[in-house]
Amino acid sequence: MKRFYEKTEVKGYKQIVDQESELDVIGFDKIVLNPGETVTCESGEYELGLVILAGTCDITAGDFKALDKGKRNNVFSGKPTTIYIPRDTAYTVTAKGYISLEIGVCKVKADKKYEPFVVEAEDVVTEHRGQLNWQRDVNDIITSKYEGKVDKIVLGETYGCPGQWSSYPSHKHDTDNLPYEVNMEEIYHFKVNPAQGFGIQVMYNDDFTLNESYMVRNDDTIAIKEGYHPVAAAPGYSIYYLWVMAGNSGRKLTPCDDPKHAWVKSVEAMVKY
């Protein structure tokens, strides 16, 4: 099972997380185009969240047209614009503007086919979570309010503060144990600001048969099949990760906190400022 995918050069369309991850439901690819370049793709059995990481583009799929989309030069300069593409759909992406276009292609195997739509940057709700040294901001892109418009995909972004932990207290979602936990695979795709920085991805389970850590840098990717998976940002560097989640037991996020560390949530209200 492969969990860590180091940065790789992308020109046009490229698969990032491959079959070695042993993920059954989700995947992650990227599109990188210079202004004026075009790529035509087919979603196949996957529904897609095309998250514009940088640049501006036109995206078309049959009669659907999303024109001049994308408002940020990089992920640290604003909220995302995202285009939802249903399964069994051909679509075309054309880069515009003056900088390279970069799109995260978040893929989820879908049973139902819906209609394409755009999540504009102003539609994205940002929540500040945590206190003390586990603070972060989370952009909800395709979450609960899109129930009935998508099949399984859950999608967002997290910004970890310098020297702070995120996805903390440690949580997992690798078992169907309703109503306490729902099994969902997940992928993290990282950016770091300034770009020479790094973070640490920790992955473990209750009996530590899984006990791994990775230095994650700009454009690295992590595939999460099981276990708790907190992230730490090195001091002086903000860490960003695009995340996509999905499973076969519904779209309601139901993570299970590590009982050894869940107590920190109970003190958040006392230290809030």
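Is Glu 22 buried, partly exposed or exposed? Glu 22 comes out as partly exposed, because its relative accessibility is 43%, and that falls between the 20% and 50% cut-offs. Keep in mind that this is a predicted model. The protein has one helix and 23 strands. With a radius of gyration of 18 Å, close to the 19 Å that the globule rule gives for 273 residues, it is as compact as a globular protein of that length.

**Overall build**

- Along its principal axes, the C-alpha trace spans about 50 × 40 × 35 Å.
- Buried residues make up 55% of the 273 in the protein.
- Take the contacts between residues at least 6 apart in sequence: 75% of them join residues at least 24 apart.
- The protein exposes about 12,100 Å², and carbon and sulfur atoms supply 49% of that.

**Aromatic pairs and a cluster**

- The count of aromatic pairs comes to 12.
- One of them is Tyr 204 with Phe 208: the ring centres sit 5.7 Å apart and the planes meet at 15°, so this pair is stacked. The cut-off behind that call is planes under 30 degrees apart.
- Tyr 204 belongs to strand S18 (residues 199-204) and Tyr 228 to the loop between strand S20 (221-224) and strand S21 (231-233), so their pairing ties together parts that are 24 residues apart in sequence.
- Tyr 228 is buried, with a relative accessible area of 1%.
- Elsewhere, Phe 76, Tyr 159 and Tyr 240 form one aromatic cluster.

**Lysines over rings**

- Lys 107 lies over the face of Tyr 46, at 4.5 Å from the ring centre.
- Lys 149 does likewise with Phe 117, lying over its face at 4.3 Å from the ring centre.

**Salt bridges**

- Searching the whole structure turns up 25 salt bridges.
- Lys 30 and Asp 219 make one of them, with their side chains meeting at 3.1 Å, N to O.
- Lys 30 is in strand S3 (residues 26-33) and Asp 219 is in the loop between strand S19 (211-216) and S20, so this bridge ties together parts that are 189 residues apart in sequence.
- Both Lys 30 and Asp 219 are buried.
- Lys 69 and Glu 120 form another salt bridge, at 2.5 Å from N to O.
- That bridge links distant parts of the chain, 51 residues apart: Lys 69 is in strand S7 (residues 64-69), and Glu 120 is in the loop between strand S11 (117-119) and strand S12 (125-129).
- Lys 69 and Glu 120 are both buried as well.
- Asp 174 and Lys 172 also meet in a salt bridge, at 2.9 Å from N to O, and both of these residues are buried too.
- There's a network here as well: salt bridges that share partners join Lys 30, Glu 102, Lys 191 and Asp 219 into one.

**Cis peptide bonds**

- Leu 178 and Pro 179 are joined by a cis peptide bond, with omega about 0°.
- Pro 179 lies in the loop between strand S16 (171-172) and strand S17 (185-193).
- Asn 193 and Pro 194 are joined by a cis peptide bond too, with omega about -10°.
- Pro 194 is in the loop between S17 and S18.

- Glu 22 has its place in the loop between strand S2 (12-15) and S3.
- Leu 132 isn't a glycine either, yet it has a positive phi of about 50°.
- You'll find Leu 132 in the loop between S12 and strand S13 (136-142).
- Leu 132 is partly exposed, with a relative accessible area of 39%.

Key:
Residues are numbered from 1 along each chain as its sequence is written. This is a predicted model: local features need pLDDT of at least 70, side-chain atom pairs count only at pLDDT 80 or more; totals for chains, interfaces and linings use all residues. Side-chain values use heavy atoms; hydrogens and water are left out. Rings of Phe, Tyr and Trp (its six-membered ring) pair if their centres lie within 6.5 Å; planes under 30 degrees apart count as stacked, over 60 as edge-to-face and the rest as tilted. Helices (H or I, at least four residues) and strands (E, at least two) are DSSP runs, numbered from the N terminus. Buried means under 20% relative accessible area, exposed over 50%, partly exposed in between (1.4 Å probe, protein chains only). A charge sits over a ring if NZ of Lys or CZ of Arg is within 6 Å of the ring centre and within 35 degrees of the ring normal. The radius of gyration is taken over C-alpha atoms; the globule rule is 2.2 Å times the number of residues to the power 0.38. Contact means heavy atoms within 4.5 Å. Accessible areas come from the Shrake-Rupley method with a 1.4 Å probe; for residues, only the protein chains shown count as cover. A salt bridge is a side-chain nitrogen of Lys or Arg within 4 Å of a carboxyl oxygen of Asp or Glu.
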